[in-house]
Amino acid sequence: RNEAADAERAAWASAMHEQELRQATLKKCLADEKAKVRGLLEQVPALEARATEHVGLLAEASEGHVSKMSDLCAREDSLRKELDSVRQVVAAAEKQSAQIAAGMRAKTLELEKERARLQKLRAE
């Protein structure tokens, strides 16, 4: 009985260690994703400002500068597409961060259940 309990405790300790390693990895992934999202969000105002600047330049362009206006339109379109792309990446990163956080909560609950089970074993 003692050897079986010792083996079970050792297996549990190993599982707990693996769980803690996974949890640390998930926390690092979440922190990395949050950093990426922050970096992308920091780009949004600059992209919006650049798009607004180009819209203003379009308004100031004269009819005699058709080719320049065409270039500015293309640039504005490019900037808007770039901004949309950044927003999509931000949304995806936020979704992934939420999924990682949900996974961490689930793993934490599993860890708490394992600890409760071990305490019950120790009490026996």
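These legends describe views of one predicted model.

Local features need pLDDT of at least 70, side-chain atom pairs count only at pLDDT 80 or more, and totals for chains, interfaces and linings use all residues. Residues are numbered from 1 along each chain as its sequence is written, and side-chain values use heavy atoms, with hydrogens and water left out.

**View 1. The chain has two helices and zero strands.** Helices (H or I, at least four residues) and strands (E, at least two) are DSSP runs, numbered from the N terminus. Along the principal axes, the C-alpha atoms fill a box of roughly 95 × 15 × 15 Å. The radius of gyration is 27 Å, whereas a compact globule of 124 residues would have one near 14 Å. That radius is taken over C-alpha atoms, and the globule rule is 2.2 Å times the number of residues to the power 0.38.

**View 2. Contacts in the chain (heavy atoms within 4.5 Å).** Take the contacts between residues at least 6 apart in sequence: 85% join residues at least 24 apart.

**View 3. Of the 124 residues, 21% count as buried.** Buried means under 20% relative accessible area, exposed over 50%, and partly exposed in between (1.4 Å probe, protein chains only).

**View 4. Arg 22 lies in helix 1, residues 2–60.** Arg 22 has a relative accessible area of 39%, so this residue is partly exposed. C-alpha to C-alpha, Arg 22 and Met 104 are 8.9 Å apart in space. In sequence, Arg 22 and Met 104 are 82 residues apart.
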